[in-house]
Amino acid sequence: MSTATLETTAALPLGLAPGRSDRRRAPRGIPPHLRLVPTGAGGSSAAHGGALASAAGRTLAARRGAVRPLRITRRGRLALTSTATLVVALVLLSLMGLIGPAGATSSIVVQPGMTLSQIAAEQLPDVPLSEAVTDIQRANKLSTSSIAAGQELVIPGR
């Protein structure tokens with residue numbers, strides 16, 4: 001009796017118990033909408049059940065363990081190319097900014113009676129007055145336009 005049970009169990013597809021139909025439950029690891037069918041010439045799945053089950057198990061194991069070569073789609077190649085181009089462009093722009101002529105800065109000591117507007121007009125004559133005052137405030141981290149005698153101010157270069 002146990003031999004007959006083993007033969008019956010061996011003849012069933014993977015994961016099915018005796019007395020169950022393969023339409024109700026798919027073998028473990030295979031999506032439920034797929035069924036195992038014989039690939040040999042002729043014959044039914046009942047006649048080749050044991051061989052089919054072991055072949056399917058080997059095929060499934062081979063698929064899981066096999067390493068496929070990486071295939072990049074057209075969209076993937078476009079994304080990689082544009083990313084690499086953007087990185088190269090940013091590196092070149094940053095190098096040009098470091099190598100290129102930097103705005104020379106100078107400093108001035110505030111004399112009694114001087115205002116920030118006077119200093120901006122004298123030191124940055126080619127820049128509009130309001131913009132020059134703002135540039136000096138930013139360069140010196142000033143929150144207001146008031147300055148004190150003896151204070152050293154950095155004058156940004158253009």
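This is a predicted model: local features need pLDDT of at least 70, side-chain atom pairs count only at pLDDT 80 or more; totals for chains, interfaces and linings use all residues.
Biologist: Where does Gln137 lie, and what is in contact with Gln137?

Modeller: Gln137 belongs to helix 5. Leaving aside neighbours within four places in sequence, Gln137 is in contact with Leu116, Leu142, Thr144 and Ser145.

Biologist: Which residues of helix 5 are buried, and what covers them?

Modeller: The buried residues of helix 5 are Ala132, Val133, Asp135, Ile136, Gln137 and Asn140. Their cover includes helix 4 and strand 2. As a general point, an α-helix has 3.6 residues a turn, so residues three or four places apart point the same way.

Biologist: How do you know that the span of helix 5 is close to the expected one?

Modeller: Helix 5 has 12 residues, and the reach from its first C-alpha to its last is 17 Å. At 1.5 Å a residue, 16 Å is expected, and the value found is close to that.

Biologist: Where is Lys141 placed, and why is Lys141 called buried or exposed?

Modeller: Lys141 sits in the loop between helix 5 and strand 2. Exposed means over 50%. With a relative accessibility of 77%, Lys141 therefore counts as exposed.

Biologist: Which residues of the largest nonpolar core touch the most other members?

Modeller: That core has 13 residues, and Ile119, Leu124, Ile136, Leu153 and Ile155 touch the most other members. Two or more residues come from each of helix 4 (116-123), helix 5 (129-140) and strand 2 (152-155). In soluble globular proteins, nonpolar side chains tend to be buried together.

Biologist: What does Leu153 touch beyond four places in sequence?

Modeller: The residues touched by Leu153 are Ser106, Ser107, Ile108, Val110, Leu116, Ile119, Ile136, Asn140, Leu142 and Ile147.

Biologist: Which residues form a nonpolar patch on the surface?

Modeller: The patch is formed by Val87, Val88, Val91, Leu92 and Leu95, and together they have about 420 Å² of accessible area.

Biologist: Why is Leu92 called partly exposed?

Modeller: Leu92, found in helix 3 (residues 74-99), has a relative accessibility of 49%. Buried means under 20% and exposed over 50%, with partly exposed in between, so Leu92 counts as partly exposed.

Biologist: How many helices and strands does the chain have, and in what order do its elements run?

Modeller: There are 5 helices and 2 strands. From the N terminus on, their order is α-α-α-β-α-α-β. Of the 158 residues in the chain, 17% are buried.

Conventions. Residues are numbered from 1 along each chain as its sequence is written. Side-chain values use heavy atoms; hydrogens and water are left out. Helices (H or I, at least four residues) and strands (E, at least two) are DSSP runs, numbered from the N terminus. Buried means under 20% relative accessible area, exposed over 50%, partly exposed in between (1.4 Å probe, protein chains only). A nonpolar core is a set of buried Ala, Val, Leu, Ile, Met, Phe, Trp, Tyr and Cys residues joined through side-chain atoms within 4.5 Å. Contact means heavy atoms within 4.5 Å. Patches are made of residues with over 30% relative accessible area and no salt bridge: like charges are joined within 9 Å, nonpolar side chains (Val, Leu, Ile, Met, Phe, Trp, Tyr) within 5 Å. Accessible areas come from the Shrake-Rupley method with a 1.4 Å probe; for residues, only the protein chains shown count as cover. A salt bridge is a side-chain nitrogen of Lys or Arg within 4 Å of a carboxyl oxygen of Asp or Glu. The expected span of a helix is 1.5 Å times one less than its number of residues.
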